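Student: I have a structure open on my screen and would like to talk it through with you. Could we start with the whole chain and then move to single residues?

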Amino acid sequence: MADEREWVQPSGVWATAVGVARVRALESERRDALFRDPLAQAFAAAGGLWPSSSPPDGEAARRRRLAVAFSIVIRTKFLDELLQQASASGVRQVVLLGAGMDSRAFRMDWPEGTRLFEVDTSAPLDFKASVLRQERAVARCERITVPVDLREDWPGALAAAGHDPAAPTVWIAEGLLIYLPEDAVELLLARISALSALGSRMGLTLGSRGVIERFGADAVPGSAASLWVSEMPDDPVGWLAGHGWDAAGYTLRERAAAYGRPFGTPPQREEQPGGLISAVRR
């Protein structure tokens, strides 16, 4: 019988999710890990990224790669905490937009009655399903996959899958918005807002101002940075307020320090809060 990993192979934007899984697998091996993702290594291996040594590139490229990996670790911890807080407040609906290789349904403790919707296109969800079968993974909540392109009628697909817009939802868009043009980001947020009852929560990661120029200008074609098109607004908190959300913005640097994993170098430029967003529907 053919290896299930041959059924679907990573390609296009969603293939970057396998790279994120590799970062999470490396973090999980640390003695002082900020989180542990027992499925990350399996996702990375199925995508051909484990075991894998660093490519033989220059020092500047190496620093950029380390910076991106560091940001993935910090944002993962940040959103884990946001989800724990939402659960503690009574929210029992979770929607992961562009879910990729996210394994929170399997690695986090969820209150009884939690329903977690993973929204993504069929290709990554099929790839993920083959790995989950191989690992005999068992979700710790009711996990519902919603195969749909976020450029299409995903609210309709989500409703058909059982999402209740009258009940609070916690929405996660992790490492997603940077790949969408500004008009698509606006449409996504408008749709989220229309489906969010009072008390809903949201966690976003946004590309900091100037990140495309710094990382994308000489990025290798096909790499994550080469696909980035959108940065955060000048005033992300005000932007979200206009959509009916009370938001707080943080920098990676301040969250890293709070987690006991401070940056080893001083900032080369002023950082504006907003790369990591926590918001509540009002």
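Tutor: Gladly! Buried means under 20% relative accessible area, exposed means over 50%, and partly exposed lies in between. Keep in mind as we go that this is a predicted model.

Student: What percentage of the residues count as buried?

Tutor: The cut-off to apply is under 20% relative accessible area. The chain has 282 residues, and the share of them that counts as buried is 46%.

Student: What average pLDDT does the chain have, and where is the pLDDT below 50?

Tutor: The chain averages a pLDDT of 88, and 81% of the residues score at least 70. Where pLDDT is low, the predicted coordinates should not be read in detail.

Student: Is Asp102 buried or exposed?

Tutor: Asp102 sits in the loop between strand S1 (93–97) and helix H4 (104–107). Not counting residues up to four places away in sequence, Asp102 touches Arg24, Leu96, Glu118, Lys128 and Glu174. Its relative accessible area is 5%, which is under the 20% cut-off, so Asp102 is buried.

Student: Which residue meets the side chain of Asp102 in a salt bridge?

Tutor: The N to O distance in this pair is 2.4 Å, and a salt bridge needs a side-chain nitrogen of Lys or Arg within 4 Å of a carboxyl oxygen of Asp or Glu. Both residues of the pair are buried. The partner of Asp102 is Arg104.

Student: And Asp149: is that one buried or exposed?

Tutor: Asp149 lies in the loop between strand S3 (142–147) and helix H6 (154–160). Its side chain makes a polar contact of 2.7 Å with that of Arg151, and, leaving aside neighbours within four places in sequence, Asp149 is in contact with Thr121 and Trp154. At 17% relative accessibility, which is under 20%, Asp149 counts as buried.

Student: Why does the salt bridge of Arg107 and Asp80 tie together parts that are apart in sequence, and how many residues apart are they?

Tutor: In this salt bridge the closest N and O atoms are 2.8 Å apart. Arg107 lies in helix H4 while Asp80 lies in helix H3 (residues 59–88), so the pair ties together parts whose separation in sequence is 27 residues.

Student: Arg140 and Asp109 also meet in a salt bridge. Which of these two is exposed, and which is partly exposed?

Tutor: Their N to O distance is 2.8 Å. Arg140 belongs to the loop between helix H5 (122–135) and S3, and Asp109 to the loop between H4 and strand S2 (115–120), so the pair ties together parts 31 residues apart in sequence. Arg140 has 45% relative accessibility, so Arg140 counts as partly exposed. With a relative accessible area of 68%, the exposed residue is Asp109.

Technical notes:
Residues are numbered from 1 along each chain as its sequence is written. This is a predicted model: local features need pLDDT of at least 70, side-chain atom pairs count only at pLDDT 80 or more; totals for chains, interfaces and linings use all residues. Side-chain values use heavy atoms; hydrogens and water are left out. pLDDT is the predictor's confidence in each residue, from 0 to 100. Buried means under 20% relative accessible area, exposed over 50%, partly exposed in between (1.4 Å probe, protein chains only). Helices (H or I, at least four residues) and strands (E, at least two) are DSSP runs, numbered from the N terminus. Contact means heavy atoms within 4.5 Å. A polar contact is a pair of N or O atoms within 3.5 Å; within protein, one must be able to donate a hydrogen and the other to accept it, and residues adjacent in sequence count only if both atoms are side-chain atoms.
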